[in-house]
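User: Could you zoom in on the aromatic side chains here and walk me through how they sit together? I'd like the geometry and the cut-offs behind it.

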Amino acid sequence: MAELVFFCGTMDCGKSTLALQMHHNHEARGRDGVLWVRQDRAGEARLSSRLGLSVPANEVRDDTDFWAAVVDRRTRGRAVDFLICDEAQFYSPAQVDQLADVVDELKVDVYAFGITTDFRAQLFPGSARMLELADRVESLQVQALCWCGARATHNARTVHGVMVVEGEQVVIGDISDAQAPDPDAVSYEVLCRRHHRQRITATVSGAGAISPQTLGLLND
């Protein structure tokens, strides 16, 4: 039986890496799938992970209709057994409903990946609808860590290393100030609940690097 599964976690917990791995595993067993993503760090129509993996994908736009896309593909004689939907927090609630319809009526498995809350610790509309409709919600087991070493549970937006709590809900930025070419650029950092509530980032605390470049693997 087809199902809608939502894999969620904070930034840096391996969501996109798992999405790419699942796509590979299913295709290796002869299943045909379609990759979807919205506002990936690698640019338009790309699905990438922080480990440096990057593949072409279909860009989700405001007018994307998942039901119509699957029906069109099947009408043209192409199989659709599953969908991989990354950055699902950026989807509209209506698009999440379309994904549920694809599962229930067209018997297509949908594996969605995303973060649940924004930099203000408030649910993204797309994630909220996913939580309401998903057959299963899976919290990723790879734990991102706060600068203090505790499990990171919240996403923080920073400018000059200082946490900000106002602004548009969606602003694409780097994962650390050290990687941002523009000193005024928006960056993001994962924090434990305590330090998110206290607005104490790694820079404010005087701690070391947020995400060290371990073994040269992290290039994005």
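Analyst: Let's start with F90 and F124: both are buried, meaning under 20% relative accessible area with a 1.4 Å probe and protein chains only (over 50% is exposed, in between is partly exposed). Bear in mind that this is a predicted model, where local features need pLDDT of at least 70, side-chain atom pairs count only at pLDDT 80 or more, and totals for chains, interfaces and linings use all residues. Numbering runs from 1 along each chain as its sequence is written, and side-chain values use heavy atoms, with hydrogens and water left out.

Searching the whole structure turns up four aromatic pairs. One of them is W36 with F66: the ring centres are 5.1 Å apart and the planes meet at 75°, so this one is edge-to-face. (Rings of Phe, Tyr and Trp, the last by its six-membered ring, pair if their centres lie within 6.5 Å; under 30 degrees between planes is stacked, over 60 is edge-to-face, the rest are tilted.) Because W36 belongs to strand β2 (residues 33-37) and F66 to helix α2 (residues 66-75), the pair ties together parts that are 30 residues apart in sequence. Those elements are DSSP runs numbered from the N terminus, helices being H or I with at least four residues and strands E with at least two. As for burial, W36 counts as buried at 10% relative accessibility, and F66 does too, at 0%.

Back to F90 and F124, whose ring centres are 5.8 Å apart with planes at 90°, so that pair is also edge-to-face. It links distant parts of the chain, 34 residues apart: F90 is in the loop between β6 (82-85) and α3 (93-106), while F124 is in the loop between β7 (109-114) and α4 (125-133).

What does W36 cluster with? W36, F66 and Y91 make up one aromatic cluster. Two of those names come up again around D86, which sits in the loop between β6 and α3. With a relative accessible area of 1%, D86 is buried. Skipping neighbours within four places in sequence, D86 is in contact (heavy atoms within 4.5 Å) with the cluster members W36 and Y91, and also with S16, V37, R38, D40, L47 and F113.
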